[in-house]
Amino acid sequence: MTHYYYPMAPVQYDQQQAWQQRHDMNMLLNAARTGALIGATGAAALNLHRVRNAESTWRQALVDSARVGLKAGVATAAATAVGRMFARYPAASMAATFATGTAVMYVLTEQRKERGDV
């Protein structure tokens, strides 16, 4: 068997790998952006009710909406990354996406207790 030397093969593989990494990063950034927008939209709608009922100020509503949007964006990116690992199995992908998104949002929205609280 003859072995051939292909000097360009490693370069093409490296370029393909770099392209795939950029593609994956862009996909996760788009997922984070979409999740943040949807999360902030939902939070803004709830906060508008609070402002109308004088339970919150505009500033508090804006800060809360941004905070919820950021958390939703992080959760969406994480859920998307895990869901993509099961891309060949749609049911497993949906379950993994749901479980990851729920777990990340749970951790990010957990109420912190003060040291003196029991």
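Q: Where is Ser56 found in this predicted model, and is Ser56 buried or exposed?

A: In this predicted model, Ser56 is found in the loop between α1 and α2. Buried means under 20% relative accessible area, so Ser56, at 15% relative accessibility, counts as buried.

Q: Which residues does Ser56 touch, leaving aside those up to four places away in sequence, and what joins the side chains of Ser56 and Gln60?

A: Not counting residues up to four places away in sequence, Ser56 touches Arg50, Val51 and Ala61, while a polar contact of 3.4 Å joins its side chain to that of Gln60.

Q: How should I read the phi of Ala54, and where is Ala54 found?

A: Most residues other than glycine have a negative phi. Ala54, although not a glycine, has a positive phi of about 60°, and this residue is found in the loop between α1 (9-52) and α2. Ala54 is exposed, with a relative accessible area of 69%, whereas Ser56 in that loop counts as buried.

Q: How does the span of helix α3 agree with what its residues should span?

A: Helix α3 covers residues 90-108, and at 1.5 Å a residue its 19 residues should span 27 Å; because its end C-alpha atoms are 27 Å apart, the two values agree. For helix α2 (residues 58-84), which has 27 residues, the distance from first C-alpha to last is 38 Å, close to the 39 Å expected.

Q: Which residues of α3 are buried, and why do they line one face of the helix?

A: An α-helix has 3.6 residues a turn, so residues three or four places apart point the same way. In α3 the buried residues are Ser93, Ala96, Thr100, Gly101 and Val104; seen down the helix axis, they fall within an arc of 125°, and therefore line one face. The face turned away from this buried side carries the exposed residues Ala91, Met94, Phe98 and Tyr106.

Q: What covers the buried residues of α3, and which residues of α2 are buried?

A: What covers the buried residues of α3 includes α2. Helix α2 has its own buried residues, among them Ala61, Ser65, Gly69, Ala72 and Gly73, and Ala61 is also one of the residues that Ser56 touches.

Q: Where does Met27 lie, and which residues does Met27 touch beyond four places away in sequence?

A: Met27 lies in helix α1 and, at 22% relative accessibility, counts as partly exposed. Not counting residues up to four places away in sequence, Met27 touches Thr80 and Arg84. Met27 and Ala81 are 54 residues apart in sequence, and their C-alpha atoms are 9.0 Å apart in space.

Notes. Residues are numbered from 1 along each chain as its sequence is written. This is a predicted model: local features need pLDDT of at least 70, side-chain atom pairs count only at pLDDT 80 or more; totals for chains, interfaces and linings use all residues. Side-chain values use heavy atoms; hydrogens and water are left out. Helices (H or I, at least four residues) and strands (E, at least two) are DSSP runs, numbered from the N terminus. The expected span of a helix is 1.5 Å times one less than its number of residues. Buried means under 20% relative accessible area, exposed over 50%, partly exposed in between (1.4 Å probe, protein chains only). The arc is that of the directions from the helix axis to the C-beta atoms. Contact means heavy atoms within 4.5 Å. A polar contact is a pair of N or O atoms within 3.5 Å; within protein, one must be able to donate a hydrogen and the other to accept it, and residues adjacent in sequence count only if both atoms are side-chain atoms.
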